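Please read it alongside the sequence and the structure.

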Amino acid sequence: SVVSFNIMINAYARAKLVDRAFKLLLEMRRANCTPNVITYTTLVKACVSAGQMDRAKSLLSDMDDLGIAPDCATYNAILKGLAAKLRWMEAGEMLEKMEISGVCPDVLSYSYVISACVRARKVQQAEKVLKQMQTMGILPNQYVYSTMMAGYGQRGLVDRAQTLIKLMQERKMRPNEFTMSALIEAYLKRGLAPLALEVFEKLQGQGFRIDVVLATQAMRAHAMKGDVPAALTALAKVRAVAKEGKAMGVVGPVVYNELIRELLVARKPEAALTAFQEMLSARVVPNHKTFVSLSQADRALAGMARVEFCLNVVGMAREAGHTPMGPLYVETLTAAVDAGELDLGMLLMQDAGAGGFAIGKQDRKSVKEVELRVINVHKASRQGQWD
């Protein structure tokens with residue numbers, strides 16, 4: 001019976017044995033057992049779980065050929081997969097197809113499309129979908145609002161974030177940690193550290209659970225203000241929160257990268273070195289973005305002070321057993337030539353040639369440009385001496 005086949009297809013789908021599930025569909029047809037919407041929805045979900053989105057979408061054509069109408073669950077399964085792949089445009093088209101076919105999207109349908117748009121950094125498109133949702137008389141839930149807030153936070157759209165918070169409050173919908181974290185992120189993106197800390201303190205006062213993300217944002221805000229003791233205290237808080245949540249892996253390079261960058265932007269190079277040393281002492285392995293953050297020395301220093309900072313970082317990394325990466329090499333070389341230390345620049349190039357720096361594919365262009373600059377300036381200097 002169709003029920004028996006559906007049960008077996010579902011079992012294969014749950015085991016992620018997609019091809020076997022499709023073989024059962026063929027057997028089902030040979031047995032003159034007509035598949036139904038449940039059969040196809042189960043197969044769609046199996047394809048989505050396996051990341052086979054084109055195959056999942058093709059099932060809609062099969063259903064149409066057999067005169068089987070997809071329901072909301074069928075479309076939502078596809079929308080979920082498209083959202084996971086950030087295929088926001090296709091998700092929007094699928095939503096339109098859903099409406100044209102006479103199937104009314106529900107709050108879940110819209111939430112998937114909005115999520116796809118926000119995660120693909122298409123905030124304006126997400127707003128259009130939200131407006132369409134409200135026009136259809138479907139009220140957004142907390143997840144939809146939190147997703148929109150995440151988009152505003154990414155872009156630093158403070159006014160829109162504040163407006164949405166007010167709208168949630170008017171609807172008697174209490175903002176959660178994710179919503180408020182997005183508001184704080186919007187403030188941080190705009191350099192409004194005092195407002196970010198004000199929101200953080202309110203959350204603490206109201207008994208909100210302070211997770212690693214919120215604690216990290218507080219750390220960034222203190223660093224942005226140039227309050228080094230508070231920033232380092234906040235770093236300890238991040239560690240404590242992560243340990244309580246048994247998520248020590250969360251306090252990886254990202255947290256330290258953020259702290260180092262903010263301290264250098266705030267013109268606190270010694271504190272940035274301290275943060276880097278803390279990172280190494282905690283046995284957190286620096287990644288490419290760590291060295292990108294450390295390469296912001298030009299924001300805080302100039303001349304030989306900038307060169308010395310870069311060389312200190314190189315020494316600290318190597319002493320801890322790590323090979324400095326391309327961004328730091330480019331910054332150190334640039335600092336040397338800017339300070340007129342051409343011989344040092346040539347020595348750094350020799351060091352890099354011997355494997356002293358890990359030059360990744362993404363850094364090769366900038367490395368080539370700065371090395372060419374050093375060579376040309378060095379040649380011009382030598383010619384000047386002979387003249």
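Is Asp-338 buried, partly exposed or exposed? Asp-338 is partly exposed, its relative accessible area being 44%. The model under discussion is a predicted one, and the points below should be read accordingly.

1. Salt bridge between Asp-338 and Arg-306. These two residues form a salt bridge in which the closest N and O atoms are 3.1 Å apart. Asp-338 belongs to helix 19 (residues 326-338) and Arg-306 to helix 18 (residues 303-319), so this pair ties together parts that are 32 residues apart in sequence. Whereas Asp-338 is partly exposed, Arg-306 counts as buried, with a relative accessibility of 10%.

2. Salt bridge between Arg-239 and Glu-278. The side chains of Arg-239 and Glu-278 form a salt bridge, with an N to O distance of 3.1 Å. Because Arg-239 lies in helix 14 (residues 228-244) and Glu-278 in helix 16 (residues 269-281), the contact ties together parts that are 39 residues apart in sequence. Arg-239 counts as partly exposed at 26% relative accessibility, and Glu-278 likewise counts as partly exposed, at 29%.

3. Salt bridge between Arg-87 and Glu-90. Here the side chains meet at 2.8 Å, N to O. Arg-87 is partly exposed, with a relative accessible area of 23%; for Glu-90 the value is 23%, and this residue is also partly exposed.

4. Salt-bridge network and total. Glu-185, Lys-189, Arg-220, Glu-258, Arg-261 and Glu-262 are joined in a network of salt bridges. The structure as a whole holds 16 salt bridges.

5. Cysteines. How many disulfides does the structure contain? The count is zero. Cys-33 takes part in no disulfide, the nearest cysteine sulfur being that of Cys-47, 19 Å away. Cys-33 counts as buried, at 14% relative accessibility. Cys-104 is likewise in no disulfide: the sulfur of Cys-72, the nearest cysteine sulfur, is 8.4 Å away. Cys-104 is exposed, its relative accessible area being 61%.

Definitions and conventions. Residues are numbered from 1 along each chain as its sequence is written. This is a predicted model: local features need pLDDT of at least 70, side-chain atom pairs count only at pLDDT 80 or more; totals for chains, interfaces and linings use all residues. Side-chain values use heavy atoms; hydrogens and water are left out. A disulfide is a pair of cysteine sulfur atoms within 2.5 Å. Buried means under 20% relative accessible area, exposed over 50%, partly exposed in between (1.4 Å probe, protein chains only). A salt bridge is a side-chain nitrogen of Lys or Arg within 4 Å of a carboxyl oxygen of Asp or Glu. Helices (H or I, at least four residues) and strands (E, at least two) are DSSP runs, numbered from the N terminus.
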